Amino acid sequence: MPDPLEEQQITVSSAALRAMRDEFQRFLMEYRFGLAEVETKISILREEFQEMHAYNPIEHVSSRVKSPDSLVDKVRRKGIETDFDSIRAGITDIAGIRVTCSFIDDAYRLSNLLTRQDDITVRDVKDYIAHPKANGYKSLHVIVEVPVFLSTGRVDVPVEVQFRTIAMDFWASLEHKIYYKYDRLVPDDLLAELKDAADTAAELDTRMERLHREIRGAHPGVVSL
Ligand code: 0O2
């Protein structure tokens, strides 16, 4: 004969679980909407550049809302309390968009064009292009807040926008794979090689930027920005 008290306990628990699931879905939904707002802004800039200046500074754009597994992992890693407010305050890349640009100049130009829009608030800037991480990682991270209007009112959603060049993106994608393959414990010799590869990628960016400037100097009409 089942213990009625135990049954009641199970019922309460599953209702609580459902409420948690709903709250979690709502929490992630806000980030999805924030991401959509910033994606639209980036694609407007991209199209406008193409149509008005016959130049496309963006090679590709990708975006994602952090997966629940990756979010839980980061919450643990950073020792953040597990309530929604603490996660909201402590993890700023739940919504992330990556803008891969042709040249370093383009990364800064696009970042300025986005952050000067008057519905955008800049929460933080981490300029790993000017100040690369010790492992060689380069990218311009801008955490912006964008308003999202729900049936319940306005929420300001943080979105991390990463601006980088193709060479930086190539390096970061492979380094990320290696990092996870070694479960974040990459052997020292491999770390040194990765840093060396990052320097090579940076050199390539500098050369391409110089070539780009030379071409622009010789044919000022090619890129009139
Ligand atoms: P994943 O799996 O890509 O989502 P902090 O500044 O330390 O408080 P946070 O959020 O780590 O907090 O800041 P940061 O440095 O802006 O990193 C955010 C994201 O940038 C990372 O998310 C990576 O996507 C990317 N990133 C940062 N450093 C590196 C790096 O050294 N190599 C590569 N490949 N990517 C990097 P996650 O959640 O760490 O990882």
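**Around the ligand**

User: Hi! How far is an oxygen atom of the ligand from an N or O atom in the side chain of Q162?

Analyst: Hello! The distance is 3.0 Å from a ligand oxygen to an N or O atom of the Q162 side chain. Keep in mind that this is a predicted model.

User: Thanks. And what's the distance for K74?

Analyst: For the K74 side chain, an N or O atom is 2.6 Å from an oxygen atom of the ligand.

User: What about H176?

Analyst: An N or O atom in the side chain of H176 lies 3.1 Å from a ligand oxygen.

User: How much of the ligand does the protein bury?

Analyst: On its own the ligand exposes 740 Å², and the protein buries 76% of that.

User: Where does the ligand sit?

Analyst: You'll find the ligand in the largest pocket. Two elements give two or more residues to the shell around it: β5 (153–165) and α5 (166–181).

User: Which element gives the largest share of that shell?

Analyst: That would be α5, with four residues.

User: Which residues come nearest to the ligand?

Analyst: Of the 18 residues around the ligand, the nearest are K66, K74, K126, K133 and N135.

User: And how does the shell split by class?

Analyst: Ten of its residues are charged, four are polar and four are nonpolar.

User: Switching topic: what does UniProt annotate for residues 63–186?

Analyst: The unreviewed UniProt entry carries the annotation "domain: RelA/SpoT" for residues 63–186.

User: How much helix and strand is there over residues 63–186?

Analyst: Over that stretch the chain is 36% helix and 33% strand. The C-alpha atoms at its ends are 27 Å apart.

Conventions: Residues are numbered from 1 along each chain as its sequence is written. This is a predicted model: local features need pLDDT of at least 70, side-chain atom pairs count only at pLDDT 80 or more; totals for chains, interfaces and linings use all residues. Side-chain values use heavy atoms; hydrogens and water are left out. A residue is near a molecule or strand if one of its heavy atoms lies within 4 Å of it. A polar contact is a pair of N or O atoms within 3.5 Å; within protein, one must be able to donate a hydrogen and the other to accept it, and residues adjacent in sequence count only if both atoms are side-chain atoms. Accessible areas come from the Shrake-Rupley method with a 1.4 Å probe; for residues, only the protein chains shown count as cover. On a 1 Å grid over the protein atoms alone, a cavity is a set of points where a 1.4 Å probe fits but cannot get out, and a pocket is an open set with protein on both sides within 12 Å along at least five of seven lines; lining residues have an atom within 4 Å of a point. A molecule sits in a cavity or pocket if more than half of its atoms lie within 2 Å of its grid points. Ala, Val, Leu, Ile, Met, Phe, Trp, Tyr, Cys and Pro count as nonpolar, Asp, Glu, Lys and Arg as charged, and the others, Gly among them, as polar. UniProt positions are given in the numbering used here, feature names are shortened, and annotations may be inferred rather than shown by experiment.
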